[in-house]
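Okay, thanks for making time, everyone.

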Amino acid sequence: LGLTRRVPGLRAIGIGSVGAERTVATAVKAARADILLVAGEEALWLAATARRLPVRLVIGTGALLEDIAGTRSLFAAPLRGLGAGAGIVARGAAARTARIDARAVIRRAGDIALSAGMIAALAPATLAVVAAIRLDSRGPVLFRQTRIGRDGTPFTMFKFRSMHVDAEARRAALIATSDREGICFKSRHDPRVTRIGRILRRFSIDEMPQLWNVLRGDMSLIGPRPALPEEVAAYDARALGRLVVRPGLTGLWQVSGRAEIGFEKMIDLDLAHIRAKSLTLDLMILALTFRAVLGGRGAY
């Protein structure tokens, strides 16, 4: 209460003890709070529970609130404060270690092993593609584009160039001709695509350089396709759920029809895959990808 008097416009909806975990969670949901401040040395509760609550911002404040409110000084007992801080850090680290997802570790190890092996195995084919692109049209062999990765982090995605060098400048004028429902642009007869580019895109060969993105950790072999920044800017809260994992080279959307599937259905498929957390499903998607590439459904 002392803090609300000192900060104009700040309204405290409620104060509770984390010992009554369910009560606090229920109260936060009912109040529709924007910010949750967890004071004291409750790092374990903060790590285990607070992330599941529907608030925009969660902050572990330690003794900071008491210091601002004037009821306790952070520097009154520096050695004791140092010990308490070390305890918080140690318990927080222990909680994080305990929550390590074995599936995530296995997936990352598989990503590294498979992407490295495929890069080596596809080296002769890569040289042939490079030569074909250079002979077909002017411009660089690789196309680099900013995409949005896990937790909204931008990264540079690699592709073999399948379009003319002025493709990005011409994109805005073609948005209205999209053959796909939703905010993601796709055109069956995109005039920006080169002759060799149509072949590369038909068999998804243009995606091969993304094996380097997988090896680097920007992407995973299996997951939602990485979106453009302008697409993510138009996402609603539900669509943002696809950003909680690394984007993938292939996924449920790719093996289900790719561009023939509308945006909302794509989100459904991505979220279903994320919720499943199944290595078996991942292996099935990987196997179905080869059929999808050869069939070429929705690839343009």
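So, buried residues make up 38% of the 300 residues in this chain, where buried means under 20% relative accessible area, exposed means over 50%, and partly exposed is in between, with a 1.4 Å probe and protein chains only. Before going on: this is a predicted model, local features need pLDDT of at least 70, side-chain atom pairs count only at pLDDT 80 or more, and totals for chains, interfaces and linings use all residues. Residues are numbered from 1 along each chain as its sequence is written, and side-chain values use heavy atoms, with hydrogens and water left out.

The secondary structure comes to 14 helices and six strands. Those are DSSP runs, numbered from the N terminus: helices are H or I with at least four residues, strands are E with at least two. As for contacts, meaning heavy atoms within 4.5 Å, take the ones between residues at least 6 apart in sequence: 67% of them join residues at least 24 apart.

Let's start with helix H6, residues 102-121. H6 has 20 residues and reaches 28 Å from first C-alpha to last, close to the 28 Å expected at 1.5 Å a residue. The expected span here is 1.5 Å times one less than the number of residues. Which residues of H6 are buried? They are Arg103, Arg107, Arg108, Asp111, Ser115 and Ile119. Seen down the axis of H6, the buried residues fall within an arc of 130°, so they line one face of the helix; the arc is that of the directions from the helix axis to the C-beta atoms. On the face turned away from that buried side, H6 carries the exposed residues Ala102, Val105, Ala113, Ala120 and Ala121.

A quick word on annotation. UniProt, in an unreviewed entry, lists residues 112-135 as "transmembrane region". UniProt positions are in the numbering used here, feature names are shortened, and annotations may be inferred rather than shown by experiment. In the model, residues 112-135 are 96% helix and 0% strand, with the end C-alpha atoms 32 Å apart.

Next, a helix pair. Two packed helices are described by the angle between their axes and the distance between the axes. The axes of H7 (residues 123-136) and H9 (residues 195-202) come within 8 Å and cross at roughly 145°. Who meets whom? From H7 we have Val129, Ala132, Ile133 and Asp136, and they meet Arg195, Ile196 and Leu200 in H9. The residues of this contact divide into five nonpolar, no polar and two charged. In that count, Ala, Val, Leu, Ile, Met, Phe, Trp, Tyr, Cys and Pro are nonpolar, Asp, Glu, Lys and Arg are charged, and the others, Gly among them, are polar.

Staying on H9, its buried residues are Ile196, Gly197, Leu200 and Arg201. They cover an arc of only 135° around the axis, which puts them on the same side of H9. These buried residues pack against H7 and E4.

Let's zoom in on Leu200. With 3% relative accessibility, Leu200 counts as buried. Leaving out residues up to four places away in sequence, Leu200 touches Val129, Ile133, Phe160, Arg161, Ile205 and Asp206. Leu200 and Phe160 are 40 residues apart in sequence, yet 8.1 Å apart in space, C-alpha to C-alpha.

Now backbone angles. Most residues other than glycine have a negative phi, and most peptide bonds are trans. Asp151, not a glycine, has a positive phi of about 60°, and sits in the loop between strand E3 (142-148) and strand E4 (154-160). Ser204 isn't a glycine either and has a positive phi of about 55°; its place is the loop between H9 and helix H10 (210-216). Buried or exposed, what are Asp151 and Ser204? Asp151 is exposed, at 59% relative accessible area, while Ser204 is buried, at 17%.

Last stop, Arg147 in strand E3. Arg147 is buried, with a relative accessible area of 13%. Arg147 and Met157 are 10 residues apart in sequence and 6.3 Å apart in space, C-alpha to C-alpha. Beyond residues up to four places away in sequence, Arg147 touches Thr153, Pro154, Phe155, Met157, Pro226, Ala227 and Leu228.

That's it from me.

Terms used:
Axes are lines fitted to C-alpha atoms, for helices over the stretch in contact, and angles run from 0 to 180 degrees between N-to-C directions.
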